[in-house]
Every structure is written in structure tokens, then in C-alpha cells.
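I opened the model today to go through its helices, its metal site and a few backbone angles. My notes follow in the order I looked things up.

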Amino acid sequence: MALRNIVTDEDPSLKKKSRPVTEVTDRIRILVEDMIETMRAADGVGIAAPQVGVLRRIAVVEVEDLYVLINPVITEREGDQFNEEACLSVPGRAGKVHRPTRVVCEAMDLDGNMQRYEVEGLTAVCFCHEIDHLDGILYTDKAEEIRSTEGDYEEEDEE
Ligand code: ZN
């Protein structure tokens with residue numbers, strides 16, 4: 001396993017639509033392992049393949065449980081929540097976004113089998129955020145309020 005570089009929002013590739021995975025090969029499995037490692041090293045709760053420079057429809061979410069989503073499709077969405085989000089590709093900022101409170105997502109797993117996930121709360125936010133990346137959409141395209149988070153850490157440094 002290896003850490004991959006995280007692409008930031010200055011890179012136009014994050015605006016591109018990713019292509020579906022046709023077959024779960026060893027190459028895809030290694031990519032997923034690297035994505036998990038990269039997400040954890042960056043203290044993230046999710047990461048999408050385009051964030052590591054691979055325009056394929058793969059996302060990883062880790063909120064309590066770890067979800068590997070290959071070719072994910074949201075088939076049901078319900079409710080509305082409005083919470084602050086951040087993104088590993090948009091360092092130093094956070095913004096409030098409307099998301100469903102509950103979603104159902106169908107995706108392929110690492111064995112190539114279709115799975116159905118029903119998630120809510122923060123997990124639902126992460127599913128939506130990561131799946132948006134696969135369509136070239138960043139949370140900053142949807143956020144109503146965006147603020148700098150750089151000052152959040154300054155006080156800690158002074159103490
Ligand atoms: Zn993101």
C-alpha cells in the first residue's frame with residue numbers, strides 16, 4: 001500500500017466526470033487500498049478516486065464503518081440537513097451544504113458484487129459528497145456559506 005498525492009481544487013481534473021469501472025481488477029484493489037490509507041493519513045472521512053488523480057467511479061467512506069463504493073448510484077434520498085463540510089481537496093475552508101438526511105445507494109463491492117446501503121446522518125452526507133466528486137462537483141459548488149478554517153488552529157499553536 002502507498003499514500004497517494006491528493007489533488008487540490010486548482011486542478012481542473014476535479015471538475016471532470018469519472019468513468020465507470022468495468023471490472024474489479026488487482027489494479028483497482030490496489031487503488032482502493034491506497035485511497036483508504038491516504039484518507040486515514042489525512043484524517044478524512046471519505047475520498048474519491050479523482051482526488052488521487054484517477055478519473056474512475058470509486059469512492060471510500062469511513063464513518064464508524066468503512067464503505068467501498070464502486071460505480072455508486074444513489075437510488076433514494078429523503079429529508080434535508082444543513083451542515084458544515086470540508087474536503088481534503090479544498091484545504092483551509094469549510095462550508096454549509098444542504099444534503100438529504102437519508103440515502104439509499106447501490107454500488108459494487110471489491111468482489112464485484114452489487115450491494116445496497118441505507119445510510120443516514122453524517123454517513124449520508126459523506127456518500128453524497130464523495131459521489132458528487134465522481135461527477136466533477138465539489139461541495140464548494142453547492143455551499144451557501146464558505147469560511148476560512150485557517151484561524152481555527154492558530155490559537156492552539158500559541159498555547
Ligand atoms: Zn471532497
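This is a predicted model: local features need pLDDT of at least 70, side-chain atom pairs count only at pLDDT 80 or more; totals for chains, interfaces and linings use all residues.

Entry: I looked up which H1 residues are buried. They are Ile28, Leu31, Val32, Asp34, Met35, Ile36, Thr38 and Met39.

**Entry: H2.** I then moved to helix H2, residues 121–134. It has 14 residues and reaches 21 Å between its first and last C-alpha, close to the expected 20 Å. Is H2 mostly covered or mostly open? Mostly covered: twelve of its 14 residues are buried. I noted the buried stretch by name: Thr123, Ala124, Val125, Cys126, Phe127, Cys128, His129, Glu130, Ile131, Asp132, His133 and Leu134. Just after H2, I came to Gly136, with a positive phi of about 75 degrees.

**Entry: zinc.** Which protein atoms are the donors of the zinc ion? I found SG of Cys87, NE2 of His129 and NE2 of His133. They lie 2.1 to 2.3 Å from the ion. Along the chain, the donors follow the spacing C-x41-H-x3-H. Cys87 and His129 link distant parts of the chain, 42 residues apart. Cys87 sits in the loop between strand S4 (81–85) and strand S5 (93–99), while His129 is in H2. I checked burial for this pair: Cys87 is buried, and His129 is buried too. His133 is also on my list of buried H2 residues.

Entry: I picked up Asp43, which follows H1. Its phi is near 60 degrees, a positive value in a residue other than glycine. Asp43 is placed in the loop between H1 and S1. Is Asp43 buried or exposed? Exposed, with a relative accessible area of 72%.

Glu64 lies in the loop between S2 and S3. At 82% relative accessibility, I logged Glu64 as exposed, because exposed means over 50%.

Methods:
Residues are numbered from 1 along each chain as its sequence is written. Side-chain values use heavy atoms; hydrogens and water are left out. Helices (H or I, at least four residues) and strands (E, at least two) are DSSP runs, numbered from the N terminus. The expected span of a helix is 1.5 Å times one less than its number of residues. Buried means under 20% relative accessible area, exposed over 50%, partly exposed in between (1.4 Å probe, protein chains only). Donors are N, O and S atoms within 2.8 Å of the metal (3.2 Å for Na, K and Ca); water is not among the atoms, so sites may look incomplete.
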